[in-house]
Amino acid sequence: VITFNTLINGLCLEGKIHQALRFFEQLVGRGGGFQPDIQTYNTIVNGICKIGETTQALRYLKIMEKRGCLPNVVTYNTIIDSLCKHMRVPEALHLFRKMTVKAISPDAVTYNSLIGGLCNSGQLKQAVLLSKEMVKDGIMPDVVTYNILVDALCKEGQAAEAQAVVEETMAQSGVQPNIVTYNSLIHGYSMRGQMDEATEVFSIMSSKGVMPDVFSYSSLINGYCETKRIDEAKRLFDEMSHNGILPDTITYTTLIKGYCQIGSIQAAKEIFKRMRDCGCHSNIMTYSTLLDGLCKHGLLDEAFSLFGSMLKEGVEAN
RNA sequence: GGCCGUCUUCUGAAUG
């Protein structure tokens, strides 16, 4: 069973959900005689959710019951999270109540998904309320819970408040911030152009033994680009490689945009070239960033020629 | 008795 689960999950991870489903049906169908276990079903349900067919995933709850494999907390969590990610929070809350009725206790993952869903639909207040409910329910908020709330505050432009949550509330609860926590703060400050504060968080994390990663650097670089301090951005870009952290597609795209914004199209093109040389793939965002830069500076011929290479590379226009 | 292999939640980039 584990072998098959691993195979099915492998297909799902590669985005080959339909292939995974076919494989699954073959195994279960006549002749297959394979008895899927709860994890097999959960993997399938997750695959279905990831292609946006959450409604079909909901049907699987019934199918599983009929086949004598009762959905567990992971099954519910998977679907609840998918509903939340597709802005169907009311339905998620409904399913949340339903699982309790079926005597399946929600866990931290359940609450975290719902809290995240509320945050993403602009209901931060409700999200905080739910995190208090969670405590009443005997489940302590974990680092993910805090990360969701911290990130939501940051995205609302309240990075300082978010940092206070980290330094006060989290500290009091004995929950250690992790790299995601720090990265959210760095991003929060960077997006407001508060680069001193962002840099401060960057040093705090290092001093606590949480080493900055490609997310940390990309956010900082983005902040410096937005504030037109391209030299600082470039310095960090060089520094990260030195520290053994490879810039990825997003990092390159960020820097390309930075150069475009200050009118250094030539430099932007050089970074784009360097990116290829380093074997880093450009995607639609990279191309549209550079295309935008070229167009805004009247270099339409070059833009069209770049567009042509993009199609040739198999990157689809949107 | 312990450990290892399969499922769910959090962070970065483009145009308008």
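**View 1. Residues of the predicted model that surround RNA strand B.** In this predicted model, RNA strand B is surrounded by 44 residues, and the closest of these are Asn-5, Asn-42, Asn-147, Asp-248 and Ser-288. Of the atoms of RNA strand B that come within 4 Å of the protein, 46% belong to sugar and phosphate.

**View 2. Polar side-chain atoms beside RNA strand B.** In the side chain of Asn-283, an N or O atom is found 2.9 Å from a base nitrogen of RNA strand B. For Thr-289, the partner is a sugar or linking oxygen of RNA strand B, which lies 3.1 Å from a polar side-chain atom of this residue.

**View 3. The salt bridge between Lys-102 and Glu-65.** The closest N and O atoms of this salt bridge are 3.1 Å apart. Because Lys-102 lies in the loop between helix H6 (89–101) and helix H7 (108–120), while Glu-65 belongs to helix H4 (residues 54–66), the pair ties together parts that are 37 residues apart in sequence. In the whole structure, a search finds 12 salt bridges.

View 4. The largest share, 3 residues, comes from H12, whereas Glu-167 has its place in helix H10.

Note on methods. Residues are numbered from 1 along each chain as its sequence is written. Chains are lettered from A and ligands numbered from 1 in the order in which they are written. This is a predicted model: local features need pLDDT of at least 70, side-chain atom pairs count only at pLDDT 80 or more; totals for chains, interfaces and linings use all residues. Side-chain values use heavy atoms; hydrogens and water are left out. Helices (H or I, at least four residues) and strands (E, at least two) are DSSP runs, numbered from the N terminus. A residue is near a molecule or strand if one of its heavy atoms lies within 4 Å of it. A polar contact is a pair of N or O atoms within 3.5 Å; within protein, one must be able to donate a hydrogen and the other to accept it, and residues adjacent in sequence count only if both atoms are side-chain atoms. A salt bridge is a side-chain nitrogen of Lys or Arg within 4 Å of a carboxyl oxygen of Asp or Glu.
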